[in-house]
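Hi everyone, thanks for making time. Let me put the sequence and the model up, and then I'll walk you through a few spots.

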Amino acid sequence: MKKLEELVRPNIWSLSPYTSARDEYQGKDAKVFLDANENPYNGPVNRYPDPLQRELKHRIAAIKGVPADSIFFGNGSDEAIDLMYRIFCRPGTDNAVAIEPTYGMYGVCADINDVEYRRVLMDENFQPDADKILAAVDTNTKLVFFCTPNNPSGNNIDHNVIDKVLESFDGIVIVDEAYIDFAGVPSYLSQLADRPNLIVLQTFSKAWGMAGIRLGMAFAQPEIIGIMNKVKYPYNINLLTQKRAMEEVMQFDRVQGWVESILKERTRLMAEFAKLDCCIKVYPSDANFFLARVKDAAATYDYLVNQGIIVRNRSKIALCGNSLRVTIGTVAEDNSLLEALRAYQQP
């Protein structure tokens, strides 16, 4: 890996961050707050939240087995993805490389930040080739993105491929593990201490069942986390989000129970979906959704919408022609889907 100072944009490296009022008295037993121009009424939401979410980070550190200073919380994982471009990529000069197809926000954030985005097509089994990824890299490549389990394909990406890129590429490798709780393979968090160029993304949206609070997690060496904290908006995670996440963290066993239920239902739904007349192929899944190739994705999607059932038509994505992405729901929800498709008369 290049020195971090060489990878970070010069203006970001020399940036003097905004100092919030809540940063200045850490470690003191403060009781009267007259520093931040807050309204003294309507507590507790009248006060600005902890800008570094310290209590929540210590709770998550214990669950994930990483130091608290290796954790960043963002407004969804999308904030962390955007920060990667803002920190490392000079607009109009640097570029990022990613597997294709994959999560669309990597490309959207690249476009927003005026950064070239290079797509490396995977094979028909949705597995990438490390040599092709490395061939797409040049001296201005700062970031390589992997999503595993991948979206929309649902499968784990071969760790040998990711490892080879981590060892051969001298920039930053982002491994997005939004669906890792369903994957049945070790998280890259176990490699964090030994990989200075690794950033791992996870989220409260999937296994934790809290997509509505918009809380994403990034894990990296403390030096990288420090730069992310320098660039982010001061109070990026609001008080209500921090409080709701803390409540769920205290009930972690409940999350594990949800994951077990979803995995069991995933096996059943995929097997039943494969029997449908409209289905050509169900791809293997390590996530809380699966990708299925059908005879006419557009017509099937429109039919389901008219039945009040919403799935995702991914037909316009590379390698996903005539494919629907189906999230695992409750047994009752999944039965409604199956019943509707069993009754479906294709045009």
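**A walk through the model**

Let's start at A274, which touches C279 and V282 if you skip residues up to four places away in sequence; contact here means heavy atoms within 4.5 Å. Before I go on, this is a predicted model, so local features need pLDDT of at least 70 and side-chain atom pairs count only at pLDDT 80 or more, while totals for chains, interfaces and linings use all residues. Numbering runs from 1 along each chain as its sequence is written, and side-chain values use heavy atoms, with hydrogens and water left out.

Back to A274. This alanine lies in helix α11; helices (H or I, at least four residues) and strands (E, at least two) are DSSP runs, numbered from the N terminus. Buried, exposed or partly exposed? A274 is partly exposed, with a relative accessible area of 43%. The cut-offs: buried is under 20% relative accessible area, exposed is over 50%, and partly exposed is in between, using a 1.4 Å probe and protein chains only. A274 and A292 sit 18 residues apart along the chain, and their C-alpha atoms are separated by 8.3 Å.

Now another alanine, A340. It lies in helix α13, residues 331-342, and it counts as buried because its relative accessibility is 10%. Leaving out residues up to four places away in sequence, A340 touches Y303, L304, Q307 and I309. From A340 to C109 is 231 residues in sequence and 37 Å in space, C-alpha to C-alpha.

On to the cysteines. How many disulfides does a search of the whole structure find? The search comes back with 0, where a disulfide is a pair of cysteine sulfur atoms within 2.5 Å.

Next, the inside. A nonpolar core is a set of buried Ala, Val, Leu, Ile, Met, Phe, Trp, Tyr and Cys residues joined through side-chain atoms within 4.5 Å. The largest one has 52 residues, and those touching the most other members are I60, F73, I133, F146, F204 and F219. Helix α8, residues 159-168, gives this core its largest share, 4 residues. Apart from that core lies another one, of 34 residues, with A80, Y117, L143 and I174 among them. Who does I133 meet? Setting aside neighbours within four places in sequence, I133 is in contact with V97, I99, V120, P128, V144, F146, V161 and V165.

Pockets next. The grid is 1 Å, over the protein atoms alone; a pocket is an open set of points where a 1.4 Å probe fits, with protein on both sides within 12 Å along at least five of seven lines, and lining residues have an atom within 4 Å of a point. Grid points are joined across faces, edges and corners, and volume is the space filled by probe spheres set on the points.

The largest pocket has a volume of about 350 Å³. It is lined by 20 residues, and Y103, G104, N151, R314 and R325 are the closest to its centre. Strands β3 (116-121) and β11 (323-327) each supply at least two residues of that lining.

The second largest pocket holds about 310 Å³ of space. Of its 16 lining residues, K64, I180, D181, F252 and Q256 are the closest to the centre. Helix α11 comes back here, giving the largest share of that lining, 5 residues.

Most residues other than glycine have a negative phi, and most peptide bonds are trans. The bond from G43 to P44 is cis, with omega near 0°, and the one from E100 to P101 is cis with omega near 5°. N37 has a positive phi, near 60°, and counts as exposed at 78% relative accessibility. Q53 has a positive phi too, near 50°, but counts as buried at 1%.
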